[in-house]
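Morning, everyone. Let me put the structure up, and then we will walk through its inside.

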Amino acid sequence: MNPALESLLADADLCVKCGLCSPHCPTYRQTADENESPRGRIALIQGWATGRLSLTAALRGPLDDCLLCRNCEAVCPAKVPYSRLVDRFRAETGQRRKPLAARALSSAVRKGLRHPTLAKLGRRMLDVAGHLPAGAAWKSLPPSGNPESWYGDHPAAGDPLAHAGLFLGCTAAVADAATVTAILGLLPRLGVGLSVPRNQVCCGAMDLHAGDAATAHALMSRNIEVFGERPLDAVIGFASGCSATLLEYRCHSETRAAETLSSKVQDVSRFLADRIPEERWDLAPLEARILVHHPCSLRNVCKTESSVETLLRRIPGAEVKTLPVKGRCCGAAGSYMIEHRRMAEAIRTETVDAILAQSPDYLVTSNIGCALHLRAGLQGRADIPVIHPVQLLARLQRV
Ligand code: SF4
Ligand code: SF4
């Protein structure tokens, strides 16, 4: 057996088939189909890797339906490295037995987001595509931004506390310019200088999860090089999906540079909660109910979700509450909401209902994919702004 399959099987064989993960799996909750559960998927991988099952569309389907939310990993008593297992399966099988339309869509999304010109063109097409289905995330895209105005150094005002690199990710200009503007406006005022390297690229998550490990690793190497060139106290991410991937670069490369970068990565809320002393905050009061959504990547990989509430509770007058479906996936999962739209929207229903039941004045979430998906789900049902927590803090900070 080839070494890649051996290590795949070694991971899969850690599963004791207890099924404790199944109730936490969004696709299993939707379908009640064992093949759509973590345990079922692991069994399919074992069957394929040992040659007992062929790679058919029926085997591949449930493995492509997985959102890689990692809810199963978070509760697994046997510590099965589930996401590594699925990423390796997808890398070994590539695009084989995947429907042509799904292959084309996956490739178009990944290539489009990696190339700014294509992304801008795609963005324009979506802006005018009034006939696209209601409820789709692309219907809720906010105004786009100009990265040229972000690149370079943004020195700290006053007494400097730290100097950090800012990781933009491939969706910032197309879909999350407001968060970049908020970070570039707020952090220097709090005493944090920022460097925004021009040559940074996509974190590689989309390619990794689509089975294109070679492209993912090339993107990772580029970011390791770009951020490694600078003396930085931290590397800040603001889309928790990207932060989670950067944190795990050390799992994909054994180099010291990868370890150094991963050790410096912090999601922006964690960075602010840890590094900014009380006396630097001067937030205007806000009499509002703020509901906090925790993206799976922030919860299951970064494990820093409580920092968001810690920060928001600094706002005088604000009532901060965590979304009661804590621990559930909203269905966004990066490009999943585009490539598996029906399942993504079905999974979202529970989260949207829970938001509506709370009637918040704001919904905050730390991942742009979740924000777009939830914003689209709320469209036509309630007028609740869905924003990144740092946008709210930047608006309220008075100095
Ligand atoms: S990663 Fe999420 S969708 Fe995939 S099997 Fe685990 S819980 Fe289910
Ligand atoms: S909880 Fe872990 S060991 Fe149990 S079935 Fe799920 S993946 Fe396997």
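**Inside the fold**

Start with Phe167: this residue is buried, at a relative accessible area of 1%. Buried means under 20% relative accessible area, exposed over 50%, and partly exposed in between, using a 1.4 Å probe and protein chains only.

Some ground rules. This is a predicted model, where local features need pLDDT of at least 70, side-chain atom pairs count only at pLDDT 80 or more, and totals for chains, interfaces and linings use all residues. Residues are numbered from 1 along each chain as its sequence is written, chains are lettered from A and ligands numbered from 1 in the order in which they are written, and side-chain values use heavy atoms, without hydrogens and water.

Now, how many aromatic pairs does a search of the whole structure find? Two. Rings of Phe, Tyr and Trp (its six-membered ring) pair if their centres lie within 6.5 Å; planes under 30 degrees apart are stacked, over 60 edge-to-face, and the rest tilted.

Take Trp48 and Phe89. Their ring centres are 5.2 Å apart and their planes sit at 85°, so this pair is edge-to-face. Trp48 is in helix α3 (residues 38–49) and Phe89 in helix α6 (residues 82–93), so the pair ties together parts 41 residues apart in sequence. Helices (H or I, at least four residues) and strands (E, at least two) are DSSP runs, numbered from the N terminus. Both Trp48 and Phe89 are buried.

Back to Phe167. With Phe227 it makes a tilted pair, 6.2 Å centre to centre and 50° between the planes. Phe167 lies in the loop between β2 (162–166) and α9 (172–175), and Phe227 in helix α12 (residues 213–228), so this pair links parts 60 residues apart in sequence. Phe227 is buried too, at 5%.

Next, the cores. A nonpolar core is a set of buried Ala, Val, Leu, Ile, Met, Phe, Trp, Tyr and Cys residues joined through side-chain atoms within 4.5 Å. The largest one has 49 residues, and Leu312 and Trp281 are among those with the most contacts inside it. Helix α10 (residues 177–190) gives the largest share, eight residues. A second, separate core has 45 residues, including Phe227 and Met220.

Which phi value does Leu68 have? Near 55°, positive in a residue other than glycine. Lys303 also has phi near 55°. Leu68 is buried at 13% relative accessibility, whereas Lys303 is exposed at 57%.
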